[in-house]
Amino acid sequence: MNGCRVLLFALAGTFLACQKEPSWTTWTAPTSIRSLDVLGEHHIRYAGANGWTGQTTNAGRQWTHAQWMAPDSSTPSFRSSATNGTHWFAASISSPAWIAQTTLQSLEPEWCYHDTSAGVFLDAMSWWNPREGLVFGDPVGGCLTLLVTRDGGTSWAPIPCNRVPQHTDGEAGFAASNGNICIQGDTAWVFTGGIASRCLRSADKGATWEAMELPIRQGETMTGVFGASFADGNHGLAIGGHWEQPENNTGNLIETTDGGEHWSLISEGLGPGYRSCIQHHPTRPQEVVAVGFNGVDVSLDAGHSWHHASDSSAYVARFSPSGRTLWLAGKERLHRVNWNELKALD
């Protein structure tokens, strides 16, 4: 496919030594990575800065890295990606914005969305089903960006501004871990941050929206929700805080037990400080992981108490379908760790 320069790196046997966590397996990557997708127990893909994407289909024994070039000869930086089950999609930040798709067997891109609007910045992506997907982005023309596809990603269109909750000055999104959108069933939750941090909820696959105020720390440019996760249609967690005060562990972790209608602060002064990503275990939802550039923290009671499991820096984490493996990525690194071993570290 035009615009795809593929470089193969066989990285088996080149693991970085780690004395503190000998069970970790770490690979170097050609870029900073904030979006990671586990497509199967052994099939993992990432989307990163400077056009880089990559995958392993054998749990890391070999990695393929591809630097994508857009039709305008630029190399877009990606911070969000997702699969609809048949294809994999990556969305770029900043103007001009691009969305590209590939098959699950290929890393050759087909470009399916382009936006040259000033100020466009795409933060997160997720899917309701193979036909219907959602992308969230910063405000353009005073309206938060919500793009929807109803044809499996072939075309994307913005939800009209009059159907989106009114934007608050200084409110945007953080492209920190592709964690600003959560979907369960027909319901989507979108999280904003900055001067104002809210939860936008749609119970009908994006047709109508409502906004919920959040008790998380906000009011400054680098405050609010950076990542969220829902265990089911009712129970969700959102984490963030203050990016410039990463040790502060007050006002940075909230939960809902009624599908996002109400939120409350939890683990005040007891849990991790700023973190960019939070995830529920796929089969044991009481088990939760939070990651950020200051390390990895684990909760075994749905976020109410925590222990610091590792100082290793990561921007994003995702579980394998079985939950046996946790995959992580960050600044020029990809990691694999056994979850049962990690959660036992204290």
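This is a predicted model: local features need pLDDT of at least 70, side-chain atom pairs count only at pLDDT 80 or more; totals for chains, interfaces and linings use all residues.
**Salt bridges**

| Glutamate 132 | Lysine 205 | 2.9 Å |

The side chains of glutamate 132 and lysine 205 meet in a salt bridge. Glutamate 132 belongs to the loop between strand S10 (122-127) and strand S11 (133-140), while lysine 205 belongs to the loop between strand S18 (198-202) and strand S19 (210-213), so this pair ties together parts that are 73 residues apart in sequence. Glutamate 132 has a relative accessibility of 15% and therefore counts as buried, since buried means under 20%; lysine 205, with 21%, counts as partly exposed. These two residues also belong to a network of salt bridges in which Glu132, Arg150 and Lys205 are linked.

Because glutamate 171 lies in strand S14 (residues 171-172) and arginine 198 in strand S18, the pair ties together parts that are 27 residues apart in sequence. Both glutamate 171 and arginine 198 are buried.

**Aromatic rings**

A pair of aromatic rings is described by the distance of the centres and the angle of the planes. A search of the whole structure finds 18 aromatic pairs. In one of them, the rings of tryptophan 189 and phenylalanine 230 have centres 3.7 Å apart and planes at 10 degrees, so the pair is stacked. The pair links distant parts of the chain, as tryptophan 189 is found in strand S16 (residues 187-191) and phenylalanine 230 in strand S20 (residues 223-230), 41 residues apart. Both tryptophan 189 and phenylalanine 230 are buried.

Phenylalanine 191 and tryptophan 263 form an edge-to-face pair, with 5.6 Å from centre to centre and 85 degrees between the planes. Phenylalanine 191 lies in strand S16 and tryptophan 263 in the loop between strand S22 (253-256) and strand S23 (264-265), so the pair ties together parts that are 72 residues apart in sequence. Phenylalanine 191 is buried, as is tryptophan 263.

Elsewhere, Trp68, Phe78, Trp88, Trp98 and Trp111 form one aromatic cluster. A ring can also face a charge: the charged end of arginine 34 sits over the ring of tyrosine 315, 4.3 Å from its centre.

**A sheet of four strands**

An open sheet of four strands has the order S24-S25-S26-S27, and its pairing is antiparallel. Strand S24 (277-280) and strand S27 (307-310) stand at the edges with a single partner strand each, so one side of each is left without a neighbour in the sheet. Neighbouring strands of this sheet are turned by 25 degrees against each other on average, direction ignored. Strand S26 (residues 295-299) and S27 run antiparallel and are joined by three bridges, and aspartate 297 stands opposite histidine 308 in S27.

Technical notes
Residues are numbered from 1 along each chain as its sequence is written. Side-chain values use heavy atoms; hydrogens and water are left out. A salt bridge is a side-chain nitrogen of Lys or Arg within 4 Å of a carboxyl oxygen of Asp or Glu. Helices (H or I, at least four residues) and strands (E, at least two) are DSSP runs, numbered from the N terminus. Buried means under 20% relative accessible area, exposed over 50%, partly exposed in between (1.4 Å probe, protein chains only). Rings of Phe, Tyr and Trp (its six-membered ring) pair if their centres lie within 6.5 Å; planes under 30 degrees apart count as stacked, over 60 as edge-to-face and the rest as tilted. A charge sits over a ring if NZ of Lys or CZ of Arg is within 6 Å of the ring centre and within 35 degrees of the ring normal. Two strands pair if DSSP finds at least two bridges between them. Axes are lines fitted to C-alpha atoms, for helices over the stretch in contact, and angles run from 0 to 180 degrees between N-to-C directions.
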